[in-house]
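Here are some notes to read with the model open beside you.

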Protein chains: 2
Amino acid sequence: MGKFEVNILGCGSALPTARHYPSTQILNIRDNLFMIDCGEGAQIQFRRMRLKFTRLGHIFLSHLHGDHCFGLIGMISTFALVGRTGELVIHAHPQAEQVFRPQLDFFCRDLPFTVRFEPVLPNRTEVIYEDKSIRVRSLPMIHRVPCSGFLFEEKVGMRHLLGDMMNFYNVPVYRRAAIKAGEDFVTSDGRIIPNSYLTTPADPPLRYAYCSDTAYNEALLPIIEGVDLLYHEATFGDDAEALAKETCHSTARQAAIIARKAGVKQLLLGHFSARYENEQQLLEQAREEFAPSFLAREELKIILGR
Amino acid sequence: MGKFEVNILGCGSALPTARHYPSTQILNIRDNLFMIDCGEGAQIQFRRMRLKFTRLGHIFLSHLHGDHCFGLIGMISTFALVGRTGELVIHAHPQAEQVFRPQLDFFCRDLPFTVRFEPVLPNRTEVIYEDKSIRVRSLPMIHRVPCSGFLFEEKVGMRHLLGDMMNFYNVPVYRRAAIKAGEDFVTSDGRIIPNSYLTTPADPPLRYAYCSDTAYNEALLPIIEGVDLLYHEATFGDDAEALAKETCHSTARQAAIIARKAGVKQLLLGHFSARYENEQQLLEQAREEFAPSFLAREELKIILGR
């Protein structure tokens, strides 16, 4: 199956620091780019990571706090200058259009592409995007303003043909697509060869969940169960558990408890508060709950694999 | 007299690059900070240059193109988070308030300080700000949208007392402020000692002119004559003179001709197009016209002196 990469453009929180840009990620799924959140400076990091502007068709905004969307207008302006032409779809809370449309109308007149807003309703999980190879679902977050996380899932792919069996049964090339899709093969003398003799199962679909910003929320568990990679906000450490609760954020430990209970494969921590000089203590606290935890950092590229 | 520093936070143009942030400067005049333009990432550079958020009271926006103002909303949001409390005044084209007020209302509810917009009318020069030590005038720019440059001038200071003469004539301390302001001294026996015997002249006031974005404009010459430092946009080189004209920008050579004809002391070039890998050729072309030209760069701090 194809490429599935998570690129971290920024993993700080509300206060940008010398170390962290605010929240921005780009998924590269078979060379189509999907952006999640778009903090100030996103376009600079986009360029720095050598990703292709023309490959981006969809942006998913978790919520309308500035550290998740102030980079949008600058990035769209730049797209206009570099001659990007494909439609750009922004999946966000229904209020997003009334917030950003006036800015687009003022600063980005005569865009060489259309910008379309697709409403994402908070407090639920539903399919908000689908193409031939992936499906994106919204995830319910608990935050001070309406907020949605996102689950990116590959669709089940084709079964793999066994070359030896193709030869053995003399399967003509024009029949192979159907067999990859699961059909049996009928030989010229009428024998039925079950598909399971001819193929091995399709690769299990890769799944990536983005959960930010949110307080600890066990309602997520059944939806994100077993994902290959969970990005969960870990704004604070144990030292600021009360503050996390008050501001509807999570501690690194809480993120790790969610990861463990959901049986995910790996946990990526991010959305770090500016109060930490480095995030080592957050990592240690998370690993006490869930060993395969690691820290996001700017310009990190994670390749999901099977 | 006091400190007069020009800090370059960004000197690129519309397309941010890995080398340049968009236009942003901060003047530090006697520890009061004045921002000129506010491109995306301004707050990051602000922090990186270790300038104090609380010292900024006034922002001057030349025009409402994104590369000169997209950093505003993020910076103001951050000011709120770090507990800045003083009023913030934004001097800008009258349209600025209708553009930014809705964003402030949406993203920055309950700011712990007021944001006030002061209209700057384009196509003229007039005093737009004044305090006890400086005066700011608008400058007419020629650009595709209404645009103003800015001239920052120190006010004439106090004359310097000659210590020997103070002793010789036994000038009491309570009379000295008046003498610094230019008054003569009357001795106890009625003799009038002219001020010129008692003092040396005040320091000449420092003057800084910011001219961006603009096409070549000789109307500026009498207003910026003899300034200590002229920042003039130099978006293009000789290779793109036609493009400069078409887009209402200047070449480095044109900037230098303005500098020479205005008899300024030094020329600082900036607002560089992303088309140049480095700006050495722009510098060389400028120096052919005006030797004391130099290139702006991020994190450059220039101390104006006498």
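1. Start with helix α9 of chain B: A252(B), R253(B), Q254(B), A255(B), A256(B), I257(B), I258(B) and A259(B) are its buried residues. Buried here means under 20% relative accessible area, exposed means over 50%, and partly exposed is in between, with a 1.4 Å probe and protein chains only. That makes 8 of the 10 residues in this helix (residues 252–261), so α9(B) is largely enclosed by the rest of the structure. Among the elements covering those buried residues are α7 (221–224), β15, α8 (241–246), β16 (266–270), α10 (280–289) and β17 (293–295) of chain B. After the helix comes G263(B), with a positive phi near 60°. Helices (H or I, at least four residues) and strands (E, at least two) are DSSP runs, numbered from the N terminus.

2. A word on what you're looking at: this is a predicted model, where local features need pLDDT of at least 70 and side-chain atom pairs count only at pLDDT 80 or more, while totals for chains, interfaces and linings use all residues. Residues are numbered from 1 along each chain as its sequence is written, chains are lettered from A and ligands numbered from 1 in the order in which they are written, and side-chain values use heavy atoms, leaving out hydrogens and water.

3. Now chain A as a whole. It has 10 helices and 18 strands, and its C-alpha atoms fill a box of roughly 75 × 55 × 35 Å along the principal axes. Of its 306 residues, 59% count as buried. Take the contacts in chain A with a separation of 6 or more: 64% of them come from residues 24 or more positions apart (contact means heavy atoms within 4.5 Å).

4. Which strands does β16 of chain A pair with? On one side of the list is β15(A) (residues 229–233), which runs parallel to β16(A) and is joined to it by 5 bridges; here L229(A) stands opposite Q266(A). Then there is β17(A) (residues 293–295), also parallel, over 3 bridges, with L267(A) opposite S293(A). Two strands count as paired if DSSP finds at least two bridges between them. Of the 5 residues of β16(A) (residues 266–270), 4 are buried, so this strand is largely enclosed by the rest of the structure.

5. Follow the chain on from there: β16(A), helix α10(A) (residues 280–289) and β17(A) make a right-handed β-α-β unit. Right-handed means that, with the strands pointing away from the viewer, the path from the first strand over the helix to the second runs clockwise.

6. Aromatics next. There are 28 aromatic pairs over all chains. Rings of Phe, Tyr and Trp (its six-membered ring) pair if their centres lie within 6.5 Å; planes under 30 degrees apart are stacked, over 60 edge-to-face, and the rest tilted. Take F60(B) and Y129(B): the ring centres are 6.3 Å apart and the planes at 80°, so this pair is edge-to-face. F60(B) is in strand β4 (residues 56–60) and Y129(B) in strand β7 (residues 127–130) of chain B, 69 residues apart, and both are buried.

7. For a stacked pair, look at Y210(B) and Y231(B), at 5.1 Å centre to centre with 5° between the planes. Y210(B) is in strand β14 (residues 207–211) and Y231(B) in strand β15 (residues 229–233) of chain B, 21 residues apart. Y210(B) is buried at 0% relative accessible area, and Y231(B) counts as buried at 1%.

8. Back in chain A, ring pairs link F34(A), F60(A), Y129(A), F150(A) and F152(A) into a cluster.

9. Most residues other than glycine have a negative phi, and most peptide bonds are trans. The bond from S212(A) to D213(A) is cis, with omega near -10°, and a cis bond joins S212(B) and D213(B) too, with omega about -5°. H271(B) has a positive phi near 60° without being a glycine; this residue lies in the loop between β16 and α10 of chain B and is buried, at 1% relative accessible area. E299(B), another non-glycine, has a positive phi of about 75° and sits in the loop between β17 and β18 (301–303) of chain B. At 39% relative accessibility, E299(B) counts as partly exposed.
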